[in-house]
Amino acid sequence: MNKKLLLTILLITCLNGFSQEPALPTGFQQHTLTHFNSSLLNPAFSLDRNNPQSLSLWTRWQWQKIDGEPTSLFANYTRKIGEKSAIGVGFFQHTTASYFNTGGSLNYAYKFEFNEKMSLALGVNLFAFSQKLGTPITLPDGTEAGDDFILQVAPGINFKYDRFSLGLASENVYENNFSNDAANNVDKDIAFAGTLSYDLPVIGQDPTAFLRPTVYYKTIPEQDGQYGISALLSTQKYWGQAGYNSFYGISLGVGGTFFKRFSLGALVEYGSIEEGSTKEYSYELLASIFLGKSENRREEIAEMVNPLEDQDEETVAEDQETEEAKNEKIKEELEAAQQIDKEEQENKMAAEEMLKDKIESDKELENAKKEIETEQVLIENVEKPTSRQVQDSINQVEKAMRAQREIERRQQAQAERAESKAKKQDIKEEKYEEVANTEGLQPGYYLIANVFATKKYLNLFRRDLKAIGLESFTFYRSSTNYNYVYLERYNTLEEARNARENNFNGRYKGDTWIFNVVKD
């Protein structure tokens, strides 16, 4: 490289080093992006915080005058691909007195679900941009130094358990300057950002409203790290946020959503770094247009399902009609089973009465027969009343009485066996279902309150139970493709019957039935 060029660059570097105290961190200052375009903070956030499918715009005018009042602009389109992945494409500009960056970005994120509450999302941002120096330097060959084309890879992960979220992202884990090979040989520090948040439901008529407190820490190459805290309150009609950053100070932002599709907002940040005796403000504008179906715009924070009231009327009517038809079919099957059980029970009781009458009749007939035989023997012995004959007659009477008792004992045992068999038959024909433990369910007797084909109505039913103070539980059977809602699991059939008969201790007035899971 030309010696004059080296001396010029060295002089500029020295002047900037003396004039920039404190130094301005490089890159986007995206620590306030808690609602829209937050995939710029962590690429994994495009799955749930970018409100796919949407087009969002974020622009920032920074208070720091040291580097020529930097400005940032980021426009981004995001949409989901199925339920587990999302993509995004964006355009950005980042301008300071030292350089001017213009380029595009690509985003991709994928979610691994371990169960209903726990998931892990992986994401990556790919930035490709041209970088020009604020004051170009012309080389002897006529070209300008500092006009570079740079590629950056910024990965991120986000672990979620229920409403808890833990994220980690890097802004420059890989960087390649296609215009300056020498720049690629310089060791660069990697910037990392970690976030920790928890979503709290807000009590009210809006089931999608939530309050999200967040703490974060960000490492800055060759500078002190930044730490901060923020809180986002989001509803279907408005949102507000407040925060503090150890370098940039206190921030406040508000916004509104109109016609469930258009969101506009603004944020002001009061700088904490003094220049002489004054402090400055930074300003941000946020705008977003939701382009997807209205039922996918927001999720209920309580159960993480789409609310019924946000769906299109036609879609709601179709879903309700389908679900009601399925529920009506299940109800008819249960009523038919109840009627069959009732008729079989009546027939069984009539058969038992007939069996008892026959046993009593047989007993009376056998007793009468034995009495006649005994009298006949006595009469025959009277003709020759010897002591031996008398003794023989007594022995015969005793023998006949023993035989009679044996017959009665056998008949009693037979009746008891019939009664036991009837009880077992009653258990089998009772209003309950019995299956082998083939799908990992804990053996026992489940008190079933309802059965659903879709999770949407299952969660609405559970929300209604919760509103009356009842906690419910669910399991899914792949063999039937139904979700079962149960109030309690019991170890014995008697406990489950009592709960069914007394309406779950008077707490639930709807119909219930017993689902028995037996050991393999």
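A residue counts as partly exposed when its relative accessible area falls between the buried limit, under 20%, and the exposed limit, over 50%. In this predicted model, Asp48 has a relative accessibility of 36% and is therefore partly exposed.

**Salt bridges**

The whole structure contains eight salt bridges.

| Salt bridge | N to O distance |
|---|---|
| Asp48 and Lys160 | 3.1 Å |
| Lys111 and Glu113 | 3.6 Å |
| Lys455 and Glu116 | 3.5 Å |

The bridge of Lys455 and Glu116 connects helix H5 (residues 455-467) with the loop between strand E4 (99-113) and strand E5 (118-133), and so ties together parts 339 residues apart in sequence. Lys455 is partly exposed at 45%, while Glu116 is exposed at 65%.

**Aromatic pairs**

The count of aromatic pairs is 18. Among them, Phe475 and Tyr486 form a tilted pair, with 5.7 Å from centre to centre and 45 degrees between the planes. Phe475 lies in strand E21 (residues 473-477) and Tyr486 in strand E22 (residues 482-490), so this pair ties together parts 11 residues apart in sequence. Both residues, Phe475 and Tyr486, are buried. Ring pairs also link Phe475 and Tyr486 into a cluster with Tyr446, Phe473, Tyr484, Trp513 and Phe515.

**Surface charge**

A patch of negative charge on the surface gathers Glu324, Glu328, Glu332, Glu333, Glu335 and Asp511. Glu333 is found in helix H3 (residues 313-382) and is partly exposed, at 47% relative accessible area.

Technical notes: Residues are numbered from 1 along each chain as its sequence is written. This is a predicted model: local features need pLDDT of at least 70, side-chain atom pairs count only at pLDDT 80 or more; totals for chains, interfaces and linings use all residues. Side-chain values use heavy atoms; hydrogens and water are left out. Patches are made of residues with over 30% relative accessible area and no salt bridge: like charges are joined within 9 Å, nonpolar side chains (Val, Leu, Ile, Met, Phe, Trp, Tyr) within 5 Å. Accessible areas come from the Shrake-Rupley method with a 1.4 Å probe; for residues, only the protein chains shown count as cover. A salt bridge is a side-chain nitrogen of Lys or Arg within 4 Å of a carboxyl oxygen of Asp or Glu. Lys and Arg count as positive and Asp and Glu as negative; His and the chain ends are not counted. The place of a charge is taken as NZ of Lys, CZ of Arg, CG of Asp or CD of Glu. Helices (H or I, at least four residues) and strands (E, at least two) are DSSP runs, numbered from the N terminus. Buried means under 20% relative accessible area, exposed over 50%, partly exposed in between (1.4 Å probe, protein chains only). Rings of Phe, Tyr and Trp (its six-membered ring) pair if their centres lie within 6.5 Å; planes under 30 degrees apart count as stacked, over 60 as edge-to-face and the rest as tilted.
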